[in-house]
Amino acid sequence: MDKKVLVVDLDGTLYNSNTFHEFLKYLLSYYLNDFRMFRFNTLLFFIKLRMVRLVSHARLKYLTLRMIENEDIDFQNFISKLSKYKNELEEMSDSSFDVKILATAAPSCYADWIAKTEGFDVCLATDFPEHGFSADFENLRERKKENLLSYFEKNNLKSVDVFITDHIDDAPIIKMAKKNIIVNPNAKFSNWLKENLINFEVRKTK
C-alpha cells in the first residue's frame, strides 16, 4: 500500500513569520551581546545592502550562511523564540500520515532543528552551497519540487497527499498535490488557484 505523505511549508505556514528575517535579528543580538562588533557590523552591512536592493535575497542568505558556517550557535534557543509565531496545524497530529516532510527555502541549519522539534520525518531546506554562490541555490519554487521528487524517488513514495502552504511560490508542488491547504491566501492567490482548477481549502490562522 502506498504511504500517505504530508508536506508542509515553513514561513507563513507552520510559523506565522519569515523565520530567516527572525534569524537575522537573532544573529545581530547574538553578536552584539557577545561584543563581537566586527561580525555585528558586517552582518548589518549585508542587511543594509539588501534593504537598498544592491544584493538579492538569495545573496543575503548565502552571505549569512557563509558567515556562520563555523559558528557554535544555539539553534534550539533561536527556535524557542519562534514559538510565539507557531500555527497549530491539525494535520501535524494526524497519525494517518506515514511520512511528514518539512519543505522550505529556510536554511537547513535551523530548519532541521524545527523539523525534529515538530515531529517531521525529514526536512528539505536550503543547504550552504559547496561550490560558491548560485542564484538558484535556495530550496525554492522548481528547485523545491525537484528536491521533493528526488526524495520521493529514493524512498519509493508516490504522491503528495496533502500539501500545506501560504505562498504561490509553491505552485510547482501545489499542482502535483492531491489536496492543498492554503494558509491565509490573498485575493490574487485565491484567484490563481481557482483559475488553475486546484483542489484546495483555505485555512485561516492568527
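1. A charged network comes first. Asp34, Arg36, Arg39 and Glu71 are linked in a network of salt bridges. A salt bridge here is a side-chain nitrogen of Lys or Arg within 4 Å of a carboxyl oxygen of Asp or Glu. Side chains of opposite charge can pair when their charged atoms come close. A search of the whole structure finds 14 salt bridges.

2. A word on the source. This is a predicted model, where local features need pLDDT of at least 70 and side-chain atom pairs count only at pLDDT 80 or more, while totals for chains, interfaces and linings use all residues. Residues are numbered from 1 along each chain as its sequence is written, and side-chain values use heavy atoms, with hydrogens and water left out.

3. Now the sheet. Six strands form an open sheet in the order β3-β2-β1-β4-β5-β6, with parallel pairing. β3 and β6 (200-203) stand at the edges with a single partner strand each, so one side of each has no neighbour in the sheet. Neighbouring strands are turned by 20° against each other on average, direction ignored. Strands (E, at least two residues) and helices (H or I, at least four) are DSSP runs, numbered from the N terminus. Two strands pair if DSSP finds at least two bridges between them. Axes are lines fitted to C-alpha atoms, for helices over the stretch in contact, and angles run from 0 to 180 degrees between N-to-C directions.

4. Look at the β3 end. Strand β2 (residues 99-107) and β3 run parallel and are joined by four bridges. Ala103 stands opposite Leu124 in β3. From β2 the chain crosses through helix α5 (residues 108-118) to β3, and this β-α-β crossover is right-handed. Right-handed means that, with the strands pointing away from the viewer, the path from the first strand over the helix to the second runs clockwise. Is β3 (residues 122-126) mostly covered or mostly uncovered? Strand β3 is mostly covered, with five of its five residues buried. Buried means under 20% relative accessible area, exposed over 50%, and partly exposed in between (1.4 Å probe, protein chains only).

5. Ser108 deserves a look. Ser108 sits in helix α5. At 13% relative accessibility, Ser108 counts as buried. Which residues does Ser108 touch, not counting residues up to four places away in sequence? They are Ala125, Thr126 and Asp127. Contact means heavy atoms within 4.5 Å.

6. Move to the β6 end. Four bridges join β4 to β5, and the two run parallel. Val162 stands opposite Lys179 in β5. Strand β5 (residues 179-183) is also joined to β6 by four bridges, again in parallel. Here Asn180 stands opposite Phe200 in β6. β5, helix α8 (residues 187-195) and β6 make a right-handed β-α-β unit. Four of the five residues of β5 are buried, so β5 is largely enclosed by the rest of the structure.

7. α6 lies across β1 (5-8), β2 and β3. α6 runs at about 145° to β2.

8. Next, the nonpolar cores. A nonpolar core is a set of buried Ala, Val, Leu, Ile, Met, Phe, Trp, Tyr and Cys residues joined through side-chain atoms within 4.5 Å. The largest has 45 residues, of which Leu14, Phe23 and Ile114 touch the most other members. Helix α1 (residues 19-33) gives the most to this core, with seven residues. Phe23 touches Ile68, Phe75, Phe78 and Tyr110, not counting residues up to four places away in sequence. A second, separate core of 22 residues includes Val99, Phe163, Ile182 and Phe189.

9. The side chains of Lys61 and Glu138 meet in a salt bridge (2.7 Å, N to O). Lys61 lies in helix α3 (residues 57-67) and Glu138 in the loop between β3 and α6 (141-154), so the pair ties together parts that are 77 residues apart in sequence. Both Lys61 and Glu138 are buried. Asp170 forms a salt bridge with Lys144, with the closest N and O atoms 2.9 Å apart. Asp170 lies in the loop between β4 (162-165) and α7 (171-174) and Lys144 in helix α6, so this pair ties together parts that are 26 residues apart in sequence. Both Asp170 and Lys144 are buried.

10. Arg203 forms a salt bridge with Glu201, the closest N and O atoms being 3.4 Å apart. Arg203 counts as buried at 14% relative accessibility, whereas Glu201 counts as partly exposed at 30%.
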